[in-house]
Amino acid sequence: MLPDDLATRTAIIKACRWMNSSGINQGTSGNISVRTGGAGEDMLITPSGVPYDDLAPEMIVRMSLSSEPVLDAPLKPSSEWRFHQTLLRNRTDMAAVVHAHPAYCSALAINRESIPACHYMIAAFGGHDVPLTKYHLFGSQALADDVVKAMRDRHGCLMSNHGSVVVGESLEKALWRMEELENLAKVYTLSRQIGTPVILDRDEMAAVVAAFANYGPVKAP
């Protein structure tokens, strides 16, 4: 195992444990992948069904971005490997994918609602909203295709009756976006309980998106 490979695997495990300790995720329902390989042609992804506290670097699954998993690999990749693979293959500007079932994001997804421009931090996701996919069976290619379609020009989305997924230029930035997305879902939900949210218009959001070009974490601590 190369030193860089080991460092990435260790970072993935640390990120998984942080998601659960922060309340972003529960159990093993979330998953993380990071682009790797000399030309970025592979990904490292969390295995299926292994409790995060039991993860070790050698358990993180390496697979190609252009083919199905090797069937005789020691551990199976996450059941959601298809949308991780499809996102990283299509979003060559991104290096990591984080998926989780945070409570407020999942509640909106169950109601089949996207998140409108209720706050300027929507710009962290590349546009004037956080879109919603249609419902598809978890782990299916149909879900992967719809996620990629929704995130063609976005950095995150909700999935109907499921949860949320974000991408990042680094693993750190993907985790930052996931935390921001759950907070947006929370404040949007709370704002509707106390009144009628005022939504920023397209011109207002266009100005914010332009100002967001270099916003957010740029390197690991």
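Me: What makes N161 in the hairpin of β6 and β7 stand out in its phi?

Reply: In this predicted model, the hairpin has three residues between its strands, and N161 takes a positive phi near 55°. N161 is a residue other than glycine. Most residues other than glycine have a negative phi.

Me: Why is N161 called partly exposed?

Reply: The relative accessibility of N161 is 36%. Buried means under 20% and exposed means over 50%. The value falls in between, so N161 counts as partly exposed. N161 lies in the loop between β6 and β7.

Me: Which other residue has a positive phi near 55°, and where is R112 found?

Reply: R112 has a phi near 55° and is not a glycine. R112 is in the loop between α3 (103-110) and β5 (132-133).

Me: Why is R112 called partly exposed rather than exposed?

Reply: Exposed requires over 50% relative accessible area. R112 is at 49%, so R112 counts as partly exposed.

Me: How do you know that β6 and β7 pair?

Reply: Two strands pair if there are at least two bridges between them. Four bridges join β6 (residues 156-159) to β7, and the strands run antiparallel. Because four bridges meet the requirement of at least two, the strands count as paired.

Me: What makes β4 and β7 a pair?

Reply: The requirement is at least two bridges, and β4 (residues 96-100) has five with β7, in the antiparallel sense. A100 stands opposite S164 in β7.

Me: Why is β7 called largely enclosed?

Reply: Six of the six residues of β7 (residues 163-168) are buried, so the strand is largely enclosed by the rest of the structure. G163, V165 and V167 point one way, while S164, V166 and G168 point the other way, and all are buried.

Me: What makes helix α2 largely enclosed?

Reply: Seven of the ten residues of α2 (residues 81-90) are buried, so the rest of the structure largely encloses the helix. Among the buried residues are W81, F83 and H84.

Me: Why is M178 called buried?

Reply: Buried means under 20% relative accessible area. M178 has 0%, so M178 is buried. M178 is placed in helix α5 (residues 171-194).

Me: Which residues is M178 in contact with, leaving aside neighbours within four places in sequence?

Reply: M178 is in contact with I24, V98, H99, A100, P102, S164, V165 and V166. M178 and H99 are 79 residues apart along the chain, and their C-alpha atoms are separated by 8.1 Å.

Key: Residues are numbered from 1 along each chain as its sequence is written. This is a predicted model: local features need pLDDT of at least 70, side-chain atom pairs count only at pLDDT 80 or more; totals for chains, interfaces and linings use all residues. Side-chain values use heavy atoms; hydrogens and water are left out. Buried means under 20% relative accessible area, exposed over 50%, partly exposed in between (1.4 Å probe, protein chains only). Contact means heavy atoms within 4.5 Å.
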